[in-house]
Every structure is written in C-alpha cells, then in structure tokens.
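Dear colleague,

I am passing on the structure we spoke about, and below it I have set out what I found when I went through it. Please read the notes with the structure open beside them.

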Amino acid sequence: MTPLVIYDNKCYICIQFAKFVNFLAKGRLHFVGHYTDFGKQIREGVLDSNALEMFWFIDEKRASGGRAALFPLVKSIFSTKSRKTKFVQIDNICSDDCKSVKAVFVRSFTLITNSKKIDL
C-alpha cells in the first residue's frame, strides 16, 4: 500500500504544503484532498469527526493527524523501501481569504496543537 496524505484542498497554505511534500517525496505518496469524493469516503470510513481540522498521513498500520503525522511523513519521504508512483497534480481551488498572514498563523497553530492517532 502506498501511504496517503490527506490535506485540505480548499486552503492555499495546505495546498502549498502538499506540493512541497510531493516534491520531497518524489512521487512515493498519494495525495487526497479532504473535499474530494475519495477524501470524503476516507473521512467517513477511517477518520473521526475532527478530521477536517488537520492533515492526515495514513499507512498500512495507522492514521496519524496533525503533529502526530509529521514524523511518519518525514520517515516515509526518506524511506528507500517506498515504491515510486506517478507525480500527483495538486489543484489550487482556494479563495483569496486563505492567503492572508492570519491564515498562515491559524493553520500553523492548528498543526502544532492538533494531534491524533487512529490504529487501523
């Protein structure tokens, strides 16, 4: 199974984060937006009610969100075991209000304060 990164595809900062991670991972991860059909299925089937508050990293053993997802994400990026997949096109569908300085601080604060692990 290729690990999944689930991100807010309506937030400019989150989209830029996903693009940066995709660049570092060199196509070894799959990216799914929270507001896509597949993202909705994952939220309803695997994640809990506060899934939209943070990004998620899902591998074969665990779904990790927010701060708890940073270490497994970095570990997966630099792992030599991961299979290489096709690069993912990450679309930018956010509005202008998510590009403000306030939005950067709010998203950064949310990343630091929110942390969750769900065993699969």
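Which residues of α1 are buried? They are Cys 14, Ile 15, Ala 18, Val 21, Asn 22 and Ala 25. Viewed down the axis of α1, these buried residues fall within an arc of 125°, so they line one face of the helix. The background to this is that an α-helix has 3.6 residues a turn, so residues three or four places apart point the same way. The helix itself has 14 residues and reaches 20 Å from its first C-alpha to its last, which is close to the 20 Å expected at 1.5 Å a residue. Just after α1, Lys 26 takes a positive phi of about 55°.

Please keep in mind that this is a predicted model, and that every value quoted here was computed from it. As for the overall layout, the chain has 4 helices and 5 strands, and along the sequence these follow the pattern β-α-β-α-β-β-α-α-β. Of the 120 residues in the chain, 41% are buried.

Because Tyr 7 lies in strand β1 (residues 4–7) and Phe 31 in strand β2 (residues 30–33), the pair ties together parts that are 24 residues apart in sequence. Both partners are buried, Tyr 7 with a relative accessible area of 6% and Phe 31 with a relative accessible area of 11%.

What lies over the ring of Tyr 35? Lys 10 lies over the face of Tyr 35, at 4.6 Å from the ring centre, while the charged end of Arg 43 also sits over the ring of Tyr 35, 5.9 Å from its centre.

Key:
Residues numbered from 1 in each chain as written. Predicted model: local features only at pLDDT ≥ 70, side-chain atom pairs only at ≥ 80, totals over all residues. Heavy atoms only, no water. Helix = DSSP H or I, 4+ residues; strand = E, 2+ residues; numbered from the N terminus. Buried < 20%, exposed > 50% of the residue type's maximum accessible area, 1.4 Å probe, protein only. Lys NZ or Arg CZ within 6 Å of the ring centre and 35° of its normal. Expected span 1.5 Å × (residues − 1). Arc of directions from axis to C-beta.
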